[in-house]
Amino acid sequence: MKVKVVRDSREIVTYFSYLVSARDYSPWPDKPEGWRAVTKAYSEQLMQLGCKLLERHTDLGTISLLLQDQVGGLQATRDGDKTWITVQPVDRAFVVNLGDHGHYLSNGRFKNADHQAAVNSNYSRLSIATFQNPAPGAILYPLKIREGENPVMDEPITFSEMYKRKMNKDLELAKLKDELEKATHKSCEGLEEILA
């Protein structure tokens, strides 16, 4: 039996997306044709995605462990966006967030942590997050509810099905938010014309 050794070779492009004011596309090649324009458009979309990721969200898995530097920036809410609490960094300590999977397993007894990242305009922030997730095919069996409690889940489902439901719900909420912002923007334009 002959064995042929083949090296695993790859071409990698490392891409850093800078603030708009710090971008300079002049050194970027324009070959293949349109490379610079595609790179610029990609960068703009990537920045928009980054901003969306900083918005309020819950993590998907069972728990998330976050190690943040002394700059901090993590904020959490318990009252659905009314009050945001800045989570003060503690040296050599992890922040532990309960994720959606933990929320479902407890059938709503334990709340998944609504949180967001706040940007500090004076200092760079470093945080390292790890997410503890079950296997996609793992079956979620929610706790039985007590009398008077409302269940989050009525039947066992797989983790991947829970993921799909969450993503669909998040997409629907994002669409509603965009529609609301557009409607508000249009009504503000009309108001500006009336006031002018």
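Analyst: A salt bridge here is a side-chain nitrogen of Lys or Arg within 4 Å of a carboxyl oxygen of Asp or Glu. Glu172 and Lys175 meet that cut-off, with N to O at 3.9 Å. The model is predicted. Side chains of opposite charge can pair when their charged atoms come close.

Start with the setting. The chain has 196 residues, and 20% of them are buried. Its secondary structure comes to three helices and eight strands. From the N terminus, the order of elements is α-β-β-β-β-α-β-β-β-β-α. The accessible surface is about 15,500 Å². Carbon and sulfur atoms hold 58% of that surface. Among contacts with a separation of 6 or more, 67% join residues 24 or more positions apart.

Now the pairs. The whole structure holds ten salt bridges.

Take helix α3 first. Helix α3 covers residues 159-195. Glu172 and Lys175 lie three residues apart in α3, so about one helical turn separates them. Glu172 is partly exposed, at 45% relative accessible area. Lys175 is also partly exposed, at 48%.

A second pair sits in α3. Asp170 forms a salt bridge with Lys166, and their closest N and O atoms are 3.1 Å apart. Here the spacing is four residues, again about one turn of the helix. Lys166 counts as buried, at 11%. The limit for buried is under 20% relative accessible area.

Arg109 and Glu149 meet through their side chains in a salt bridge, 3.3 Å from N to O. Arg109 lies in the loop between α2 and β5, and Glu149 in the loop between β7 (139-140) and β8 (157-158), so the pair ties together parts that are 40 residues apart in sequence. Arg109 is partly exposed, with 29% relative accessibility. Glu149 is partly exposed too, at 25%.

Helix α2 spans residues 100-105 and includes Leu105. Leu105 touches Tyr141, Pro142 and Leu143, leaving aside residues up to four places away in sequence. Leu105 is partly exposed, at 30% relative accessible area.

Strand β5 belongs to an open sheet of three strands, in the order β3-β2-β5, with antiparallel pairing. β3 (85-86) and β5 (114-117) stand at the edges, each with a single partner strand, so one side of each has no neighbour in the sheet. Strand β2 (residues 74-77) is joined to β5 by four bridges, and the two run antiparallel. Leu74 has Ala117 as its bridge partner in β5.

Last, a linked group. Arg56, Lys111 and Asp114 form a network of salt bridges. Asp114 falls within the residue range of β5 (114-117), one of the edge strands.

To sum up by location: α3 carries the Asp170 and Lys166 pair. Arg109 and Glu149 join two loops. Arg56, Lys111 and Asp114 make up a network.

Technical notes:
Residues are numbered from 1 along each chain as its sequence is written. This is a predicted model: local features need pLDDT of at least 70, side-chain atom pairs count only at pLDDT 80 or more; totals for chains, interfaces and linings use all residues. Side-chain values use heavy atoms; hydrogens and water are left out. Two strands pair if DSSP finds at least two bridges between them. Buried means under 20% relative accessible area, exposed over 50%, partly exposed in between (1.4 Å probe, protein chains only). Contact means heavy atoms within 4.5 Å. Accessible areas come from the Shrake-Rupley method with a 1.4 Å probe; for residues, only the protein chains shown count as cover.
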